[in-house]
Amino acid sequence: MDTSNYRPGLEGVIAGISAVSMVDAEKNLLLYRGYDIHDLVTHCTMDEVAYLLLYGELPGRESLATFCQRVRTDREVPGAIYELFRAMPSAAHPMDRLKAAVALLATFLPEDEPNIRKAERLYAKLPTLVCASWRISQGQEPIAPDSSLGHNANFFHLLTGEPRTDYIADVLNVTQILYAEHGFNASTFAARVTVSTLSDLYSGVVSAIGTLKGPLHGGANEAAMEMLQEIGTPESAAAWVREALVQKKKIMGFGHREYKNGDERAKIVKGYAKELAERTGTRLWGEISEIVEAEMLAAKKLHPNLDFPVASVYYLMGLPIPLYTPIFVLSRITGWSAHIIEQLENNRIIRPGHLYNGPELRSVRK
C-alpha cells in the first residue's frame, strides 16, 4: 500500500478555495474578507462583522441599521422549541440540546427563502435557543428576547434577565468577533461537506454544531477551564502540568494545526483577561494560566490557542462553563453560513478517496 500521498487528518491538503477568511500562520495573521482581526475588534461590533461575513463588505450606517432591525425583530422562536427543551433530560449536554433545537426550528422556517436570509434568522435566534435551553435545564423559565436591545445586551438579558452594556459586554463582543470565522476548520468543513450533497443550510449548521462539540475543537474552552479548576492554585500548577505530560494527558487549549508561533487571537484576549482580573479582583486564574503557559512552552514549545484565555475570561464574566461552547456557536454561525453559501455557489460534492488496509480478496465457503 502506497501511503506517500496520505495526510492524516487531511493536514496540508488543500480542500477548497474561499474568500471568507485567510490564515497566514507564518505572519500570525487572520483576515476576515480582507480585514485584520485587530482592526475588527478595535472598531467593530459583532453585528458589523456578521454583516461583513455574510455580505462581503462592512456595512454603511443605513445598511447596518436595516440589518440590525431585521435581526432584532426575528429573535422569537416557536413555543414547540421550549417544549422540546422541557422534554429533554436536564443533564443533556447543551450542544446536544442545541443540535435538536436547530433541527426542529428548521421545520418552522420557510424553505424557499435565500440562504443569506436563513443565515440572518439563525444569527437572530441562536441566542434565544442557547439561553432558553440553559434556563429550562436549570429549572427556570425562559426569558423573551427584547427587540429594543443590541445583540450582546440581549444575550445577557436572555440569560440572566439583566441586559449588559458595560465592559463585560464589550469583552463578549471581542470574543465573538475572534470566534466568528477561521477558514476550513473542522466544523466549517463538516458544514461544507453536508451542503455539498445539496442538503440545506440548517442541516449544514447541525453538522457543524455536532463537530464543534468535540473537545479537540470548540469544547476545548470548557475543558481548559475545568483543567484550571483542577489545578486549583499557582503553587501546584507547574507540578500538575509536568505530571500530566508524563501521563501523556492532553493539555487543553494549547497548540494549533495552523499556528506554530502563537495564536494572535489568544494574545488579544489575554489583554482583556488581565483587565478583567484587575476589575474583579480575581487574579487566581491568570496566575495559574501564566505558569501553565510557561511550562507548555518549555516542555513542548506549544503556545495557547484562543480557547485557553477565553476559558478564564468567560469564567470571570460569570458565564456557566457548560455554555462556553454554545456561545462559540453564536459567534461562528455567520462564518459557517458564509462558507455554506460559498460552497453552494460553485458546488461539487466533497468526496475524498481513501487507502484500503483490510484483508485481501477472500471468498465465503459454506
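Arg-86 is partly exposed in this predicted model, with a relative accessible area of 37%. The side chain of Arg-86 meets that of Glu-141 in a salt bridge. Glu-141 lies in the loop between α6 and α7 (151–160) and Arg-86 in helix α4, so this pair ties together parts that are 55 residues apart in sequence. Glu-141 counts as exposed, at 53% relative accessibility.

The count of salt bridges comes to 18. Three of them are listed here.

| Salt bridge | N to O distance |
|---|---|
| Glu-141 and Arg-86 | 3.1 Å |
| Asp-74 and Arg-117 | 3.1 Å |
| Arg-279 and Glu-275 | 2.8 Å |

Asp-74 and Arg-117 meet through their side chains. Asp-74 lies in the loop between α3 (61–72) and α4 (79–87), and Arg-117 in helix α6, so the pair ties together parts 43 residues apart in sequence. Asp-74 counts as buried, at 9% relative accessibility.

Arg-279 and Glu-275 both lie in helix α13 (residues 264–280), four residues apart, about one turn of the helix. Arg-279 is exposed at 53%, while Glu-275 is partly exposed at 31%. Elsewhere, salt bridges with shared partners join Arg-70, Asp-74, Glu-113, Arg-117, Glu-120, Arg-121 and Lys-125 into one network.

The largest nonpolar core has 102 residues, and Tyr-32, Val-292, Tyr-314 and Met-317 have the most contacts inside it. Helix α6 (residues 115–137) gives the largest share of this core, 10 residues. Beyond its neighbours within four places in sequence, Val-292 is in contact with residues including Met-227, Phe-254 and Phe-308.

An open sheet of three strands has the order β1-β2-β3, with antiparallel pairing. Its edge strands are β1 (21–24) and β3 (35–36). Tyr-32 stands opposite Tyr-35 in β3.

Technical notes: Residues are numbered from 1 along each chain as its sequence is written. This is a predicted model: local features need pLDDT of at least 70, side-chain atom pairs count only at pLDDT 80 or more; totals for chains, interfaces and linings use all residues. Side-chain values use heavy atoms; hydrogens and water are left out. A nonpolar core is a set of buried Ala, Val, Leu, Ile, Met, Phe, Trp, Tyr and Cys residues joined through side-chain atoms within 4.5 Å. Buried means under 20% relative accessible area, exposed over 50%, partly exposed in between (1.4 Å probe, protein chains only). Helices (H or I, at least four residues) and strands (E, at least two) are DSSP runs, numbered from the N terminus. Contact means heavy atoms within 4.5 Å. Two strands pair if DSSP finds at least two bridges between them. A salt bridge is a side-chain nitrogen of Lys or Arg within 4 Å of a carboxyl oxygen of Asp or Glu.
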